[in-house]
Amino acid sequence: MQADRAGAVTLLRVLSLFFFVAAAGYTASAPQAQAQVYRFTTIQIEGNTRIEPGTILSYVGIARNETITAGQLNDGYQRLLNSGLFETVNFDPRGATLVIEVQEYPTINVISIEGNRRLKDEDLETVIQSQSRRVYSPTLAEQDAAAITQAYEQAGQLGAAVDPVIIRRSNNRVDLVFEVKESRVVEVERISFVGNRAYSDRRLRRVLESKQAGLFRQIIQRDTFVEDRLEFDKQVLRDFYLSRGYPDFEILSVSSEFSRERNAFFVVFNVREGQQYRLGDITVVSDLPEIDVDEFQDVVRIRGGQIWSPNAVDSTIARLERLAIQKDLSFIRVEPRITRNDRNLTLDIEFAVVRGDRIFVERIDIEGNATTLDRVIRRQFRTVEGDPFNPREIREAAERIRALGFFSKADVTAREGSSADQVIVDVDVEEQPTGSLGFGATYSASTGVGFTISFAERNFLGRGQSLSFELATATDSGTYGLSFAEPAFLGRDLRFGISASYSETNTVSNTFYNTRSGLFSPSLEFPVSEYGRLGVKYFLTGAEITDVPATSSTILATEAARGLEVASGVGYTYTYSTLDSGLNPDAGVLLRFGQDFAGIGGDLEYIRTTALAVAETKAWNNDLTLRAVFEGGVHASLGGGVSKITERFTLNNRMRGFDIFGAGPRDLTAGNTDALGGNYFAVAKFEAEFPLGLPEEYGVTGGVFLDVGSVWGLDNTMGSGGPVDDSLHLRSAVGVSIFWDTPIGPLRFNFSKAIQKQPYDIERSFDLTISTRF
């Protein structure tokens, strides 16, 4: 027993000694392994065909006859592998020779996209960075697949997947194929609001860019769910409330939830409106000795009691700073100091005229405009290099650049220049298509079915000019028109335009005869006030009447016998409009007055006067739109002249319930009852537009209208032996309208009934037109 124990102890001692010796040997040998080094007298590269050996060696970073460690060798391997030039890399040390074996990435032969039906190839190719005849990069191909996926997400297909696949060809070439698996479009099924009291969900939905899915869900793209669009919706919703006097408006949250079928979103805006505030006391103050406070107070247009609006405040500040510039006062700034009166819900505003920092504009840098010339963008600035820096003017210039409609994105920012008192203004734009070529069909109850071909370019040759051409034909008529406009003639806010047109008609109402007319007119238009513009023009017109039947009125026959007559003259038009840019976003007026004076050469002498007045306002939480239109005209022949039917007024598109020549002076001789038009017309139209209770996404609203007016007066009343009635007879019509916002444009269906009329009037109970927006 003791012998066995002694043997066991001896065995343990032997094993312990063995492990100690082994551990010591491992410890002694470890430094030798870590200290392994290489020295290559030759570096041999294999497998490269396009890439030069020097390029490969520059990435490896190993020189001949240089002693390197195993770690340095591995670093060179990693650098070459991460260069993105090779599909595989292998280092094989063979004594004093390092063999580097590489396999280059193939060259892309063709790039194709398969499986895409909703988005076209040409649209997706714009987001792909990989190019044919370039080296294939897996990383870049994955980025391209992600970009295509994002394009589908923008189109509402959140479940779309894109896989980049390569098909190997001969000579180390590959075809790069992006396999697209489209998904169903995720639509916005419902948009609702929580916390809104002043405005209904229906009214607020009209503000948003996103729309609910409706009848045209296969055509309208704005009903697809795009997360980025919600950010824009939040901004326009905030602007809507601020412009209507709600300074405390907040969007607490926007939630978007999938439907149970996971094919649509329900979007909910949680808002806090706050109270509506009005303006209280409006004053101008200044401590600067050169400022006449009373003079500056006189240019303030806002008054106490009006609804507060940031636009009204900004407009007032712009007026005050513009007055300072006119008085050669530099670096003048206007600071609005607002005092809240929560008890009576008013805001007192004190416009303090102060001296700003002495900062100058060093330069204006423009980037991103590949087509649009720099000068088109620069002329939107009222500031040039070396002028005092005005942040408000820079913001207004940014808005003018965006309003051009030439760019999908326009960012204007300011940064410090070469010194503390210098500022560099950076303009970064992204261009978008500005031309259109259209083919279409039209229908009018009076002219029948017609076809149109049109071309329009809003940024002709990148110069900011507009050029358009239109050819329109109907059953019995044809019109051809060409127009050109330069919005900044001579580098100023002066619009120069040229228009030319030619038209033919074969029948007019119940009277069968032919007319031909042409027009050539250059014009100039310029601003004369904040909301007013004045246009002046020269015009040259020619018109003739032919093929008048023997049974027609002798008045028409006499006018036809005069042949082609030319009118040459000048004219002007003054327009004042606050409908789109006034201080009140819910109301506005449009006033237009113009006169043409013919007699500068030509065959005719006359004065033609037209006037238009439009007033529009919204009521009942903006759900009801009330509109009144007053229009009139006088054509006065001079020098004993007599007007002809091509010059006189008709009710064409001016009064509902009657045909083009359905009302007005008429030859009542038995057998013809020819319509003759009149030298005078006056029309008053009153209408209301309101929701019909249909889903908002249908874009259908209703309206009622009352039209009152007449056409009267002739220079020649010698008819065909019978009476000629050119007296003032008041006509009136009532009716209902259906407004429909469709993908092809806003349509208007009018159903009318003439109330006051003459026995010979020609009524029209229905017409379909493009809805007019003033």
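What does the accessible surface of the protein chain come to, and what share of it belongs to carbon and sulfur atoms?

**Figure 1. Overview of the protein chain in a predicted model.** The accessible surface comes to about 40600 Å². Carbon and sulfur atoms hold 53% of that surface. The chain has 774 residues, and 38% of them are buried. Its secondary structure comes to 12 helices and 35 strands. Take the contacts with a separation of 6 or more: residues 24 or more positions apart account for 58% of them.

**Figure 2. Close-up of a negative surface patch.** Four residues form the patch: Glu114, Glu142, Asp163 and Glu179.

Figure 3. Glu114 has a relative accessible area of 43%. Buried means under 20% and exposed means over 50%, so Glu114 counts as partly exposed. Glu114 also belongs to the negative patch, together with Glu142, Asp163 and Glu179.

Figure 4. Is Thr650 buried or exposed? Its relative accessible area is 14%, under the 20% cut-off, and therefore Thr650 is buried.

**Figure 5. Close-up of the contacts of Thr650.** Neighbours within four places in sequence are left aside here. Thr650 is then in contact with Ile660, Phe661 and Val711.

Technical notes: Residues are numbered from 1 along each chain as its sequence is written. This is a predicted model: local features need pLDDT of at least 70, side-chain atom pairs count only at pLDDT 80 or more; totals for chains, interfaces and linings use all residues. Side-chain values use heavy atoms; hydrogens and water are left out. Patches are made of residues with over 30% relative accessible area and no salt bridge: like charges are joined within 9 Å, nonpolar side chains (Val, Leu, Ile, Met, Phe, Trp, Tyr) within 5 Å. Accessible areas come from the Shrake-Rupley method with a 1.4 Å probe; for residues, only the protein chains shown count as cover. A salt bridge is a side-chain nitrogen of Lys or Arg within 4 Å of a carboxyl oxygen of Asp or Glu. Lys and Arg count as positive and Asp and Glu as negative; His and the chain ends are not counted. The place of a charge is taken as NZ of Lys, CZ of Arg, CG of Asp or CD of Glu. Buried means under 20% relative accessible area, exposed over 50%, partly exposed in between (1.4 Å probe, protein chains only). Contact means heavy atoms within 4.5 Å. Helices (H or I, at least four residues) and strands (E, at least two) are DSSP runs, numbered from the N terminus.
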